[in-house]
Amino acid sequence: MKTELSEKDLELISKSLDEDLSEFERRRLNQNVLTTEEGEKAWMRYYAVSAVMNKQFPENIDKDFSQKILDVINNDEYIEDDTNHPTIKRVGLHLKQVAGLAVAASVAAVSIVTFQNFNQPSLTGSPEIIVSEQKTEAPNIPVQVNTPPAVKPRMSPIEVPQVEFAPAQLSSQDVLGEQPFAQEDSYSQELDPYIQNHAGYGSERTISPYVDIIELKDVQK
Amino acid sequence: MGENNNDKELVARAKAGDTRAFDLLVKKYQYKVVNLVSRYVRSEEAQDVAQEAFIKAYRGLKNFRGDSAFYTWMYRIAVNSAKNYLLSASRRQSDNQVDVDDAEYFDDAALLRDNTTPDHVLQSSELETKVFDAIHGLPDDLKMAITLRELEGMSYEQIADAMECPIGTVRSRIFRAREAIDKVIKPLMD
């Protein structure tokens, strides 16, 4: 876009050099003047004069100095914009959907396997329990399905035989291996006064482990 | 003449991907940056290093928080680029080997490679002569106003006091001086 600049436009550039622009003028400069080719060139020339006067103008400078930089950074932009290409976007969206489905499918598979494992009867039980019932749907034809009484549906609750646990019996060898009781007693003798002296400092919760030891001592006695 | 709001706007636009806005910053500071870099490296290489510095600045613009002025930030990048270039050049010299990659020192060497012809280069001596000739040819009031502003760095208020005239007159005199110089250098630069 090549348009002739008015005197007012050039004055805006001059004021910009001296940081003397009002907000309105600044907007006008950026939106109306510096968006034109002539405006950009005048902007560059004004700064060149300022650099020459301040002895800051380099010995030799390429007239296309800024254009070369612009070419490189526009090339950067092109590379960045590749990620916004419609094909890449579509593939990305598709991949996202596939990944979502894969996650959902794996979660479902894990849930089913876990559920089946929970309902799997014990192998020690009757082999009849494993047999699953086949459902037949034939409402119009009367069919009599003879289900053996021992066969139970796979999804039904399983009757777990009641197990009676025998109370654990601790022997001195279980706790201390081959060590004699004498050593155990020496520990207790050290601990007892400690517990008595320190019981007042802590809550019951704090000293409860020692209570267990006393009980053990009682059992041993 | 407070802080540079126009630079802030150009930086904000460049950050948003407006390369034309960054181009305006380059056009504004290119002379100062090349001149700065040429204090560290030879003048033939200064331009390449300065271009690389501007490209680095553009790529690192997202990290520029705006705590300092754009030029202060740019100044540091330019100096670091020049120092890195010197370091790299000394390493290559000590290697004492001819490497084809030497020609590709910069990542963007292909795009920045110097293929300029002499008529494409602005000769500073020629430009200087034109500018100072134009200043000498200015009426005294314009000459004084532009000299006090550019060479002495005085504010409009200070110039108004010195020249015993309103600020508006100072502004106008400075602009008319610049306009007269611009007319002289325009054929040389375009």
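Student: Let's start with chain B. How many helices and strands are there in it?
Tutor: Chain B has nine helices and one strand. Keep in mind as we go that this is a predicted model. Along the sequence, the order of elements in chain B is α-α-α-α-α-β-α-α-α-α.

Student: And what pattern does chain A follow along the sequence?
Tutor: Chain A reads α-α-α-β-α-α-α-α-α, with eight helices and one strand.

Student: How much of each chain counts as buried?
Tutor: In chain B, 34% of the 190 residues count as buried. For chain A the figure is 16% of 221 residues.

Student: What about contacts between residues 24 or more positions apart in chain B?
Tutor: Taking the contacts in chain B with a separation of 6 or more, 62% are between residues 24 or more positions apart. In chain A, such residues account for 46% of the contacts with a separation of 6 or more.

Student: OK, confidence next. What is the average pLDDT of chain A?
Tutor: Chain A averages 70, and 46% of its residues score at least 70. Among its elements, helix α3 (residues 37-53) of chain A has the highest mean pLDDT, 95, while helix α6 (residues 172-176) of chain A has the lowest, 47. Two stretches of chain A to treat with care are residues 125-138, where the pLDDT is below 50 and the model has 14 contacts beyond near neighbours in sequence, and residues 171-178, also below 50, with five such contacts.

Student: Good to know. How many residues of chain B are in contact with chain A?
Tutor: 55 residues of chain B are in contact with 47 residues of chain A. On the chain B side, the largest share comes from α2(B), with twelve residues. Other elements giving two or more residues include α1 (5-15), α3 (43-59) and α6 (124-136) of chain B.

Student: What classes of residue does that side of chain B divide into?
Tutor: The side of chain B that touches chain A has 23 nonpolar, 16 polar and 16 charged residues.

Student: Switching to the core. Which residues have the most contacts inside the largest nonpolar core?
Tutor: V33(B), V37(B) and A50(B) do, in a core of 64 residues. Helix α2 (residues 19-37) of chain B gives the most to this core, ten residues.

Student: Which residues is A50(B) in contact with?
Tutor: Leaving aside neighbours within four places in sequence, A50(B) is in contact with V33(B), V34(B), V37(B) and A78(B).

Student: Now helix packing. At what angle do α7 and α9 of chain B pack?
Tutor: The angle between helix α7 (residues 140-150) of chain B and helix α9 (residues 167-189) of chain B is about 95°, and their axes are 8 Å apart. The range 65 to 115 degrees counts as roughly perpendicular, so α7(B) and α9(B) are roughly perpendicular to each other.

Student: Which residues meet there?
Tutor: From α7(B), they include L142(B), A145(B), I146(B) and R149(B), and from α9(B), they include V170(B), R173(B), I174(B) and A177(B). By class, this contact has six nonpolar, six charged and no polar residues.

Student: One last thing. What is the phi of E164(B)?
Tutor: Phi of E164(B) is near 50°, a positive value in a residue other than glycine. Most residues other than glycine have a negative phi. E164(B) lies in the loop between α8 (156-163) and α9 of chain B.

Student: Why does E164(B) count as exposed?
Tutor: E164(B) counts as exposed because it has 7 C-beta neighbours inside 10 Å, and the cut-off for exposed is 12 or fewer.

Student: And where is E19(A)?
Tutor: E19(A) sits in the loop between α1 (7-17) and α2 (23-33) of chain A. Its phi is near 55°, again positive in a residue other than glycine. E19(A) is partly exposed, with 15 other C-beta atoms within 10 Å.

Terms used
Residues are numbered from 1 along each chain as its sequence is written. Chains are lettered from A and ligands numbered from 1 in the order in which they are written. This is a predicted model: local features need pLDDT of at least 70, side-chain atom pairs count only at pLDDT 80 or more; totals for chains, interfaces and linings use all residues. A nonpolar core is a set of buried Ala, Val, Leu, Ile, Met, Phe, Trp, Tyr and Cys residues joined through C-beta atoms within 7 Å. A residue is buried if 20 or more other C-beta atoms lie within 10 Å of its own, exposed if 12 or fewer, and partly exposed in between; C-beta atoms are placed from the backbone. Helices (H or I, at least four residues) and strands (E, at least two) are DSSP runs, numbered from the N terminus. Two residues are in contact if their C-beta atoms, placed from the backbone, lie within 7 Å. Axes are lines fitted to C-alpha atoms, for helices over the stretch in contact, and angles run from 0 to 180 degrees between N-to-C directions. Angles under 35 degrees count as roughly parallel, over 145 as roughly antiparallel, 65 to 115 as roughly perpendicular and the rest as oblique. Ala, Val, Leu, Ile, Met, Phe, Trp, Tyr, Cys and Pro count as nonpolar, Asp, Glu, Lys and Arg as charged, and the others, Gly among them, as polar. pLDDT is the predictor's confidence in each residue, from 0 to 100.
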